[in-house]
Each structure stands twice: as structure tokens, then as C-alpha cells.
Amino acid sequence: MPRLSAGLLVYRNVDGVVEVLIGHPGGPFWARKDDGAWSIPKGEYTPEEDPWAVAQREFTEEIGKPPPPGPAVQFEPLRQPSGKVITAYAVRGDVDLRGAVSNTFELEWPKGSGTIREFPEIDRVGWFPVPEARVKLLKGQRPLLDRLLELPDLVGRGGDGPAADEPGGSRSH
């Protein structure tokens with residue numbers, strides 16, 4: 001069975017431009033990578049867990065702020081090049097990123113040194129217009145932006161037009 005992950009693609013409209021909230025992974029492997037390295041806030045879960053609850057929990061852990069209340073639109077699961085399957089939810093809302101802080105993980109660094117260091121899961125977070133986010137996001141997550149722009153309130157906007165107040169579309173929470 002593939003590994004499962006759930007996450008939130010939070011979006012907003014700023015002066016007619018659709019922006020999404022994404023984070024840059026922390027730790028030494030990602031330190032010098034930017035384009036093609038960012039991700040939606042997400043985390044792994046087991047089949048017994050509710051992916052919507054996991055997506056909200058992971059957002060709070062990785063951003064250090066509660067997610068917007070919704071409503072949420074669930075996208076069809078997206079298989080990553082690694083084989084992991086992401087269940088993502090689009091949620092319209094604004095999150096003030098001042099004071100955002102991620103949870104941390106431990107890693108032996110440098111490898112083989114015996115020294116355990118602590119790193120944030122997300123070391124930077126930001127709002128990006130969809131065209132810029134498409135460059136920043138991991139290649140396997142870019143289809144989420146296409147799915148976002150297929151929402152009825154965003155169709156034809158291409159990421160740079162005004163959006164209505166509520167998302168429509170597939171399955172809402």
C-alpha cells in the first residue's frame with residue numbers, strides 16, 4: 001500500500017490575484033534548493049485516520065497557526081513520483097504569517113557525525129501568486145494548482161484574476 005499524505009492548499013484573492021500559501025522544507029537537504037522544492041503544508045496518515053482532520057493538524061503543526069475554517073473542497077488523490085498519494089483540500093482564507101513557526105524534527109547532521117540536530121519541518125512560508133507558486137512547488141504537487149484553478153469561482157482566472165467569496169466544486173467539508 002502506498003504511503004498516504006493529507007494537506008491544505010490555502011488560497012486567497014489579493015487585488016484580483018489568486019495567491020496560495022506554501023512552505024519551504026527545513027533541514028540541510030533543502031537548504032540550498034528553492035525552485036521546485038516548496039510544498040503545501042501536509043503530513044502522512046494511516047488509512048484509519050480522517051484525511052481532513054490530518055490536513056488541518058499538519059497545517060497547524062507546520063505553519064504554527066490554525067487553518068482557515070473552510071469550507072474545504074477535496075481534490076481527487078494525487079500520486080507523487082515517489083508513489084506517495086496526497087489527499088489535498090483547497091480552503092479559501094487568509095492567514096497572517098507573522099510569527100509563523102513550524103514544528104521540528106531531529107536528524108544526525110553531518111551524516112555519520114553522531115551529532116543529532118533539530119531542524120524545522122518548514123523553514124520559510126509565504127503567499128505566492130499561482131504562476132510563481134507553479135515554479136516554487138515540487139513538480140509532483142503542481143497539478144494541485146491546476147485543480148485549484150478549475151474551481152468554479154476561479155475558472156478562467158489563470159491565477160491572476162479576482163475570485164468569488166466561496167469555493168465551489170467537488171466535495172466540501
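## The largest pocket

A pocket, on a 1 Å grid over the protein atoms alone, is an open set of points where a 1.4 Å probe fits, with protein on both sides within 12 Å along at least five of seven lines. In this predicted model, local features need pLDDT of at least 70 and side-chain atom pairs count only at pLDDT 80 or more, while totals for chains, interfaces and linings use all residues. Residues are numbered from 1 along each chain as its sequence is written, and side-chain values use heavy atoms, with hydrogens and water left out.

The largest pocket holds about 500 Å³ of space, a volume being the space filled by probe spheres set on the points, which are joined across faces, edges and corners. Its lining (residues with an atom within 4 Å of a point) has 23 residues, with Ser 39, Lys 42, Lys 84, Leu 138 and Gln 141 nearest the centre. β3 gives the most to this lining, with three residues; strands are DSSP runs of E, at least two residues, and helices are runs of H or I, at least four, numbered from the N terminus.

## Salt bridges

Let's turn to the charged pairs. Counting a side-chain nitrogen of Lys or Arg within 4 Å of a carboxyl oxygen of Asp or Glu, the model has 13 salt bridges. Glu 44 pairs with Arg 3, their closest N and O atoms 2.8 Å apart. This link joins distant parts of the chain, from strand β3 to the segment before β1 (4-14), 41 residues apart.

Arg 134 and Asp 146 form another salt bridge, at 3.0 Å between the closest N and O atoms. Here helix α2 (residues 130-136) is linked to helix α3 (residues 143-149).
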